[in-house]
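Please keep the model open while going through the numbered points.

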Amino acid sequence: MASVRCGTGAQPRLRADALRNRERIIAAARETMVESGAEVPFDEIARRAGVGNATLYRHFADRQELIHHVTLSVMSRTADRAESALAEESDAFEALRRFVHDAVEERIGALCPLLSDGIDPAHPDLIAARERLEAAVEAVMGAARDSGQLRTDIAVGDLMVALTQLTRPLPGWGSPRTKSGGGCLDFDKFVHRHLQLFLDGLRAPGRSELPGSAATLEDLRHHRP
C-alpha cells in the first residue's frame, strides 16, 4: 500500500478559513462515502462541501489521503461522544446507552467496509486514534460494569462489533428506489430500536452464558483478514 502523505511531525498551522474548508471537506467526504461508496467522485465531494476542486486538492492530494483523514475524523468524533456521555450523565448505564445511540450518527457500520482497504493501520496517527477510542469506550463500559449494571463477560470489541453490524445499512438503503417509496424509508428508526434491544441484553445479570470470550479491539485487529 502506498504511504499516506501525512507525516508524524507537527503540521503547518492552518488559517481559520482554511481549517473550516478542511473540516467541511472531511464532513462532506464522510457523508458522500456513506451514500455512494468510497469511490465517490471528488467533484461531488467538493460540491457538497461548498468548495472548488482546487481547494479540495490543496488539502488532500489523493483519495487515500482523504480516506485517511475521514477515518481519523470518525474515530475522533466517536471518542468525543463516549467522553461526553461519561462526563455528562450521572447514571453509568445511561452514559453507555447515550454513547451507543449517539455513535449511530457516525455511520460506523456503513463506513468501516468502505474505509478498511484505504488506510494504513500502522500509521502513528491511526494508532493514537484507536488507542484514544478504545480508552474512551472502555471508560464508559468500565463505569457501567463497576456500577453493577453491565454484565462482566463482554469487552470493548464486543460492543464495537455489535454497533458496527447494527448500523450497517440494509440493501437498497440510500438508493434512488428509496426516494420513490421502495427500500427502507426510515432506517434510523430501526437502528435505534434494535440498538435498544441490544443494550437490554447487556444489563446485569446476564440471562445466559455467552459462547467464546470477551473481545477487545486488539482481538479484532488480529483477526482482520
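1. Does Phe42 count as buried or exposed? With a relative accessibility of 8%, Phe42 counts as buried, where buried means under 20% relative accessible area, exposed means over 50%, and partly exposed lies in between (1.4 Å probe, protein chains only). Before going further, please note that this is a predicted model, in which local features need pLDDT of at least 70 and side-chain atom pairs count only at pLDDT 80 or more, while totals for chains, interfaces and linings use all residues. Residues are numbered from 1 along each chain as its sequence is written, and side-chain values use heavy atoms, with hydrogens and water left out.

2. On the overall make-up, the protein has eleven helices and zero strands, helices being DSSP runs of H or I with at least four residues and strands runs of E with at least two, numbered from the N terminus. Of its 225 residues, 41% count as buried. Among the contacts with a separation of 6 or more, 74% are accounted for by residues 24 or more positions apart, a contact being heavy atoms within 4.5 Å.

3. Because Phe42 lies in helix α2 (residues 42–49) and Tyr57 in helix α3 (residues 53–59), the pair ties together parts that are 15 residues apart in sequence. Tyr57, at a relative accessible area of 43%, is partly exposed.

4. Helix α5 (residues 92–103) deserves a careful look. Nine of its twelve residues are buried, so α5 is largely enclosed by the rest of the structure; among these buried residues are Phe93, Leu96, Phe99 and His101. The end C-alpha atoms of α5 are 17 Å apart, which agrees with the 16 Å that twelve residues should span at 1.5 Å a residue, the expected span being 1.5 Å times one less than the number of residues. The ring of Phe93 has the charged end of Arg203 sitting over it, 3.9 Å from the ring centre; a charge sits over a ring if NZ of Lys or CZ of Arg is within 6 Å of the ring centre and within 35 degrees of the ring normal.

5. How many salt bridges does the count come to? The count comes to 15, a salt bridge being a side-chain nitrogen of Lys or Arg within 4 Å of a carboxyl oxygen of Asp or Glu. One of them joins Arg98 and Glu88 at 2.6 Å, N to O, and this pair links Arg98 in helix α5 with Glu88 in helix α4, ten residues apart. Arg98 counts as buried at 18% relative accessibility, whereas Glu88 counts as exposed at 53%. Elsewhere, Glu31, Glu35, Glu44, Arg47 and Arg48 are linked in a network of salt bridges.

6. Helix α7 (residues 124–146) has 23 residues and reaches 32 Å from its first C-alpha to its last, close to the expected 33 Å. Its buried residues include Leu126, Leu133, Val137 and Met141. Arg132 meets Asp80 in a salt bridge of 2.4 Å, N to O; since Asp80 lies in helix α4 (residues 63–88) and Arg132 in helix α7, the pair ties together parts that are 52 residues apart in sequence. Both partners are partly exposed, Asp80 at 34% relative accessibility and Arg132 at 30%. Another salt bridge joins Glu138 and Arg145, with the closest N and O atoms 3.2 Å apart. After α7 comes Gly148, whose phi is positive, near 85 degrees.
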